[in-house]
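Colleague: I would like a close look at one helix packing here. Please keep to geometry and contacts, with cut-offs.

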Amino acid sequence: MAQEDREALRSADSRGKSSMSDSNSDARQAEQEKGLEDVGESPPSEPRFNYPQGAQFWLLSSCIALMMFMTNLEIPVITTALVAITDDLGGFEDAGWTIASYLLGYVSVSVISAKLSDIFSRKLVFMVTIAIFIIFSAACAAAQTIIQLIVFRAFQGVGGGGCFALCNIMVIEIVPAEQYPQYVSNIAIVNALALVLGPILGGVISANTTWRWIFIINIPIALTPFVIAWFVMPNDFPYQGLPPGHPSAKPVGSSKLGRIDFPGTILILLATLGITSAFEQAGRSFPWRSAYVISLLTISGILWILLLLWERRITLYPKTEREPVLPWRFFINREMMGVLLNFFFLGGPTINTMFIIPLRFQVVYQTSGLTAGIRLLPFTGALPVGAFVASLLAGRLKVPAIFLILSGSILQVIGFALLSTIPTTLSVPSEIYGYEFISGMGCGINYALLFILIPHVSESIDHAVGMGAAGQLRMIGSTVVLAISTSIFNSHIRPRMEDILGSMPASSEWALSSSEAIGLLPQQVQGDIRQVLAEGFNWQILTLCISAALQIPAALMILRKQNIKV
């Protein structure tokens, strides 16, 4: 089947598209044929684009960094403010949806935003997504009920997810290929700062003023990159200055609407929403065997199959100008699939650690939300350190990326395995900080290198969609792993909590909401409850260890005789 698909791709490329100029079509065909025969070669040494220089470069870099910071900040910032929000708006039983709704919006649009930016330009789609983020940040700040906040957070997530996808794409378009390692490591520092400051900032704001400032501060900060993009970013970024027939230039003479893969866009949106909604609520609001979960997973599975069949058809046998939103080329490219699977399995350890560890500190060790955020610093601080080390070894010493990714995966396995063995005592064990650092180093190494690898293992026409797919799969992976780990947590603590207190709810949400209530119980009962919860958290961490271990076989898919150097 793979050989037939390759022949069909060659045939499709040879037919070309009637809307392209002859020179552009010939250049595109030659480039794709080379990509099929020699997939994964390093990008050409000659620059494809006229890269920004001087003040324009620094302004665009600050624009990218600011929006990556803001959209990442919105994920953890609300975790330490949930109590304050529900005290004001009520509806604590729905509080988890204020996090889930943002992630649902965030994860659903990455690939779609990437593809639309290929068609309508990076600048236009970037500005639209920033505008959506700003408008619905203001709406969140003005919400009067928990339901309003949940709905507005979903649309805020659409803007945030689109911004993040575009920022990831522009990171590899603003500098030449040889500068990827250094530039990506610098951007990784920005992402890590957002993850470090998110829980701390949320705790500070909720403790000293109204929680609404969590969303209000987004407005002036996000307006700055919007203005920079409007006045500084070229309209045809990153193709500015290239002649129409240049191989890297966009197709000319084609209808923009005609190039949109409407069926594929709808299918990937609904399929993503289905799987993330099911896993978000499985084991929480609905049992795993409930009609809600089973129906959503079944429908989502059918939609994913239909999506793959549709994308294969329009990739291999194009009859119109329509461009696939998720090219079939990805699925017959072993190395690209290895990168994407790594992102899926990396999402769980990277993102869920930032929820599980602070929750443990608050519930088991009775720290405040602010203190819990500070005690997560060894993990979040290690992320940019890992990215920097990986960039140094890959960029300057030319260590093959595959060996570094395997090393990062092994570090994750070691770190999370050690975290899962933390004693279930009620005092903070000092070794937890060292184990956090080891885990964070492994996550940081892989996060930085996997993004750098996408231009090396995919064709140039697919770079933007590849970056969007990577971000989307990372978030889907985090949702799936969180659902599984939460289910394991609940199944472990529920019978033990019932033995101690009798029949009552036993879940991570209950533990978070009842931390102060536990303090009102007799001292011996408090100790027993917190010990059970500590054991449950250890089982959750073990799930992250398994997800980290699965990155190893995924990484081996990138292995070749002459391994990629970035």
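Are α3 and α8 parallel, perpendicular, antiparallel or oblique to each other?

Modeller: This is a predicted model, in which local features need pLDDT of at least 70, side-chain atom pairs count only at pLDDT 80 or more, and totals for chains, interfaces and linings use all residues. Residues are numbered from 1 along each chain as its sequence is written, and side-chain values use heavy atoms, with hydrogens and water left out.

Helices are DSSP runs of H or I with at least four residues, numbered from the N terminus. Helix α3 covers residues 54-73 and helix α8 residues 146-171; they pack at an angle of about 140°, with axes 9 Å apart. Axes are lines fitted to C-alpha atoms over the stretch in contact, and angles run from 0 to 180 degrees between N-to-C directions. The two helices α3 and α8 are therefore oblique to each other: under 35 degrees counts as roughly parallel, over 145 as roughly antiparallel, 65 to 115 as roughly perpendicular, and the rest as oblique.

The crossing of α3 past α8 is left-handed, that is, the near helix is turned anticlockwise from the far one by less than a right angle. On the α3 side, the contact (heavy atoms within 4.5 Å) is made by Ile64, Met67, Met68, Thr71 and Asn72. From α8 come Gly160, Cys163, Phe164, Cys167, Asn168, Met170 and Val171. An α-helix has 3.6 residues a turn, so residues three or four places apart point the same way. By class, this contact of α3 with α8 holds eight nonpolar residues, four polar ones and no charged ones; Ala, Val, Leu, Ile, Met, Phe, Trp, Tyr, Cys and Pro count as nonpolar, Asp, Glu, Lys and Arg as charged, and the others, Gly among them, as polar.

For contrast, the axes of helix α7 (residues 122-142) and helix α11 (residues 218-232) come within 10 Å and cross at roughly 165°. That makes α7 roughly antiparallel to α11, and their crossing is left-handed.
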